[in-house]
Amino acid sequence: MSTIVGTALTQRFGADVALDAVDLVVDAGEHLAVLGENGAGKTTLLRIVATAARPTSGTLQIFGLDAMVERRRLRGRIGFVAHAPGLYPALSAAENLAFFCTLQGVDRARVAQVLDLVGLADIARRPAGKLSRGAQQRLAIGRAVLHEPQLLVLDEPDASLDSDGPDLLMKVMRGRTAIIATHDHALANRLCKRTLELRRGRVVGVPTRLRVVH
Amino acid sequence: MRSITIALAVARKDLASEWRTREIVPALAQFVVLALVIANFGFQFDSRNAPAIAPGVLWMALVFAGLVAFGRAFAAEREQASLEAMLMTPAMPAAIFAGKALAAGLLLVICEAVLLPALALFFAVPLTFDEVSAVLLATVGMAVLGCLFAAMVAQVRARELLLPLLTLPLWIPFVVVGGQAVQSAMGGGGTATGSANGLLLDLDILFVVLTSLAARFVLDD
């Protein structure tokens with residue numbers, strides 16, 4: 001069964017076409033890497049899949065639900081790591097996660113588990129604003145899996161992560177459907193069985209490990 | 001019940017952030033005291049006309065302090081890209097909005113705790129329960145309206161200009177009715193404070209309901 005079925009997803013910003021009739025199918029438990037240069041449309045596609053943005057046209061079904069209509073319901077099943085970590089700098093790492101536990105309706109006991117998972121248990125009380133960029137990214141990844149989502153949408157999550165980053169990403173993606181945008185082809189091959197390459201908003205090329213996407 | 005829990009969590013988070021950074025309250029407190037000092041020198045007042053002048057000064061200071069407090073409520077979220085993270089949860093946008101308005105309103109109440117005694121001191125007017133209740137009632141309505149428009153303009157480049165343009169016209173009823181209530185409480189005549197406070201309560205209920213309904217459309221897209 002497919003977790004994501006997108007048809008002719010198009011996003012226009014005025015006269016600019018950021019995404020041009022992209023079809024997308026991701027099966028349950030599958031990991032898909034979205035590749036492309038800056039401005040190729042990776043972030044736009046991921047934001048649509050994460051329900052953070054609405055496409056100008058096209059249809060999108062996630063878990064069999066219409067993503068344009070059932071956004072709030074779907075958000076409890078999706079974990080999203082955006083470009084910016086979006087943390088509260090004055091709150092500690094643990095407080096950031098505890099706050100999102102309340103928003104997600106998750107028990108606060110989960111905070112310690114997630115801090116352990118992302119390797120921030122030792123600096124849990126440090127304000128998020130004083131963490132290194134890599135640690136902030138780890139915290140953002142932790143926040144995305146706080147509610148045990150079935151689908152993970154990761155927009156360049158490897159940015160600022162240290163050499164252990166790919167291992168962390170493998171850990172959080174295990175057992176979940178995941179779609180990840182990255183510039184790093186080696187990382188894409190390590191984490192995903194399929195890749196989708198975008199150029200100027202269109203699907204191009206078929207990397208060797210690609211099955212059928214467009 | 002879950003909406004209340006979320007609203008309180010959002011408000012607690014905002015107040016904790018403000019407590020640690022002390023970004024808004026000290027600046028606002030200084031601003032309201034400076035406004036009183038300037039008004040003290042600018043107006044020729046005596047014991048007879050002070051109850052007529054002081055309410056005007058009070059509401060001018062409150063309106064401008066409110067614009068700053070409510071403007072920051074959403075601008076900071078947009079700057080640190082954290083509003084989207086909140087909206088990417090199943091939490092109701094109305095609950096998130098209520099929490100933001102509650103925190104911003106409480107920050108303004110802290111400024112009022114500085115402003116009202118300072119006003120009584122500078123203008124030699126009485127500080128009464130009726131006056132305080134009128135200001136607190138007006139703060140509720142001003143907070144929900146101010147936060148709604150702050151959320152609307154947070155992503156716009158000219159938000160500092162747009163926020164007053166959108167907010168001030170809708171704050172006029174609070175300033176007019178609140179001004180009368182405060183003037184009456186200070187012994188300057190005008191509408192009875194009780195009926196003015198009743199009208200402020202009605203306005204609060206109206207705008208709390210309207211802004212809660214509008215919050216979903218403002219925040220979610």
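# Two chains, term by term

Guide: B:Ala154 sits in the loop between α6 (129-153) and α7 of chain B. Helices (H or I, at least four residues) and strands (E, at least two) are DSSP runs, numbered from the N terminus. The model is predicted, and local features need pLDDT of at least 70, side-chain atom pairs count only at pLDDT 80 or more, while totals for chains, interfaces and linings use all residues. Residues are numbered from 1 along each chain as its sequence is written, and chains are lettered from A and ligands numbered from 1 in the order in which they are written.

Visitor: Why does B:Ala154 count as buried?

Guide: A residue is buried if 20 or more other C-beta atoms, placed from the backbone, lie within 10 Å of its own, exposed if 12 or fewer, and partly exposed in between. B:Ala154 has 21 C-beta neighbours inside 10 Å, so it counts as buried.

Visitor: What makes B:Leu168 partly exposed?

Guide: B:Leu168, in helix α7 (residues 159-185) of chain B, has 16 other C-beta atoms within 10 Å, and is therefore partly exposed.

Visitor: Which residues is B:Ala154 in contact with, leaving aside its neighbours within four places in sequence?

Guide: The residues are B:Phe74, B:Ala75, B:Arg78 and B:Arg159. Two residues are in contact if their C-beta atoms, placed from the backbone, lie within 7 Å. For C-alpha distances, B:Ala154 and B:Gly189 are 35 residues apart in sequence and 41 Å apart in space. B:Leu168 and B:Met142 are 26 residues apart in sequence and 9.4 Å apart in space.

Visitor: How do you know that chain B is as compact as a globular protein of that length?

Guide: The radius of gyration is taken over C-alpha atoms, and the globule rule is 2.2 Å times the number of residues to the power 0.38. For the 221 residues of chain B the rule gives 17 Å and the model has 18 Å; the values are close, so chain B is as compact as a globular protein of that length. Its C-alpha atoms fill a box of roughly 55 × 35 × 30 Å along the principal axes. Chain B has eight helices and zero strands, and 49% of its residues are buried. Of its contacts with a separation of 6 or more, 80% are between residues 24 or more positions apart.

Visitor: How do you know that chain A is as compact as a globular protein of that length?

Guide: Chain A has seven helices and 10 strands. Its radius of gyration is 17 Å, close to the 17 Å that the rule gives for 214 residues, so the conclusion holds for chain A. The C-alpha box is roughly 45 × 35 × 35 Å along the principal axes, and 50% of the residues count as buried.

Visitor: How do you know that the span of helix α5 of chain B agrees with its number of residues?

Guide: The expected span is 1.5 Å times one less than the number of residues. Helix α5 (residues 93-123) of chain B has 31 residues, so it should span 45 Å; its end C-alpha atoms are 43 Å apart, which agrees.

Visitor: Where is the kink in α5(B) centred?

Guide: The bend at a residue is the angle between axes fitted to the seven residues ending there and the seven starting there. In α5(B) the kink is about 25° and is centred on B:Cys111. Just after this helix, B:Ala124 takes a positive phi of about 50°.

Visitor: What makes β2 and β5 of chain A edge strands?

Guide: Two strands pair if DSSP finds at least two bridges between them. Four strands of chain A form an open sheet in the order β2-β1-β4-β5, with antiparallel pairing. In this sheet, β2 and β5 (65-66) each pair on one side only. Strand β1 (residues 2-13) is joined to β2 (residues 16-27) by eight bridges, and A:Val5 stands opposite A:Val25. Five bridges join β1(A) to β4 (residues 57-62) of chain A, with A:Thr7 opposite A:Thr59. In the hairpin of β1(A) and β2(A), which has two residues between the strands, A:Gly14 takes a positive phi near 65°.

Visitor: How many residues of chain B are in contact with chain A?

Guide: Chain B has 20 residues in contact with 22 residues of chain A. Helices α1 (2-21) and α4 (82-87) of chain B each give two or more residues to that side, and α1(B) gives the largest share, nine residues.
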